[in-house]
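Please look over the model below with the notes that follow.

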Amino acid sequence: MRTRTLTLSAASCAALLAALTLPAHASGTVEPRSAQEGSVSAAALLAKVTSCSQISNGKYRTDEETSATVPVCGKNGAVFWKADMDIDCDGQVTARCNGDTDPWFQDDTAFHQSNGQALRADSLPYVVVPSTSGIWKYTSSGIKGGGVVAVVYNGKVEYAVVGDTGPTAIIGEASYATATALGIDPDPETGGTDAGVTYILFKNSQVSPIESHSAAVSLGDSLAKQFLQNN
């Protein structure tokens, strides 16, 4: 969602170096997985989203400087879109996600952990949905905070939750942990990927607690199987 610059500040470089050298147990970060999650393949999911029945009133831009080309599409039991991936590092302050590493950092997320704290972008795979507008109201499509998302990229499937909301006219953003798991550069300023990401959001689903990634994977795999059967 953000306009990326080509260089990092000295402070950002220092913070990133610290994050790379900090032991996982010291930061509290659980390293995201990079392998296929669940039993449903990326190819099987992508075969069901080759055509779009548009449910949004218009289309979204992938970045501020691009034209609006991305519709939200409807399927039985899910909605989906195909876009880029910008990196969301908002939420809890960590060595990887803070005001030095991310020029757009905010210390809160739209949805919160079971203890009331903001989500943790560097350890929890989550996806950002556009805030409600005349283009689309995500809640009207059965999408809610903690809902399960199958994120497909480069032959991999990563299960995430709906964790944050973004600009009303831009789409295509996920957390640092989501990018890492899919082999995408997670740097919030210079990372992400310009295209090739498919987001499949399962209607009326909700992971509890939202911060349990294992629960997201278990529920996501079950919903993905239903999605294949129903489409």
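## What helix H5 packs against

The buried residues of H5 pack against helix H3 (42-46) and strands S1 (73-75), S2 (78-88), S4 (148-153), S5 (156-166) and S7 (193-202). A contact here means heavy atoms within 4.5 Å. Helices (H or I, at least four residues) and strands (E, at least two) are DSSP runs, numbered from the N terminus.

This is a predicted model: local features need pLDDT of at least 70, side-chain atom pairs count only at pLDDT 80 or more, and totals for chains, interfaces and linings use all residues. Residues are numbered from 1 along each chain as its sequence is written, and side-chain values use heavy atoms, with hydrogens and water left out.

## Helix H5 itself

H5 covers residues 213-230, which makes 18 residues. Its first and last C-alpha atoms lie 25 Å apart, close to the 26 Å expected at 1.5 Å a residue. That expected span is 1.5 Å times one less than the number of residues.

Which residues of H5 are buried? They are His213, Ala216, Val217, Gly220, Asp221, Leu223, Ala224 and Phe227. Buried means under 20% relative accessible area, exposed means over 50%, and partly exposed lies in between (1.4 Å probe, protein chains only).

## Strand S7 and its partners

S7 is one of the strands that the buried residues of H5 pack against. S7 is mostly covered, with seven of its 10 residues buried.

Two strands pair if DSSP finds at least two bridges between them. S2 and S7 run antiparallel and are joined by seven bridges. Within that pairing, Lys82 has Thr198 of S7 as its bridge partner. S4 and S7 are also antiparallel, over four bridges. There, Val151 stands opposite Tyr199 of S7.

## Two disulfides

How many disulfides does the rule give? The count comes to two. The rule takes a pair of cysteine sulfur atoms within 2.5 Å. With bonded cysteines counted along the chain, the pattern is 1-2, 3-4.

Cys52 is joined to Cys73, with an S to S distance of 2.0 Å. Cys52 lies in the loop between H3 and S1 and Cys73 in strand S1, so the bond ties together parts that are 21 residues apart in sequence. This link is left-handed, at -100 degrees about the S-S bond. Cys52 is partly exposed, at 39% relative accessibility. Cys73 is buried, at 3%.

The other disulfide joins Cys89 to Cys97, S to S 1.9 Å. Its S-S torsion is about -70 degrees, so this disulfide is left-handed. Cys89 is buried, with a relative accessible area of 0%. Cys97 is buried too, at 0% relative accessibility.

## Backbone points to check

Most residues other than glycine have a negative phi, and most peptide bonds are trans. A few places in this model depart from that.

Asn154 is not a glycine, yet its phi is positive, about 50 degrees. Asn154 sits in the loop between S4 and S5. It is exposed, at 65% relative accessibility. Asn204 has a positive phi of about 55 degrees and is not a glycine either. Asn204 is found in the loop between S7 and H5. It is exposed, with a relative accessible area of 60%.

Where is Pro209? Pro209 is in the loop between S7 and H5. The peptide bond joining Ser208 and Pro209 is cis, with omega about 0 degrees.

## The whole chain

The protein has five helices and seven strands. From the N terminus on, the order is α-α-α-β-β-β-β-β-β-α-β-α. Of its 231 residues, 52% count as buried. Among contacts between residues at least 6 apart in sequence, 76% join residues at least 24 apart.

## Confidence

pLDDT is the predictor's confidence in each residue, from 0 to 100. The protein averages a pLDDT of 88, and 85% of the residues score at least 70. Over residues 1-34 the pLDDT is below 50; this stretch has 74 contacts in the model beyond near neighbours in sequence. Where pLDDT is low, the predicted coordinates should not be read in detail.
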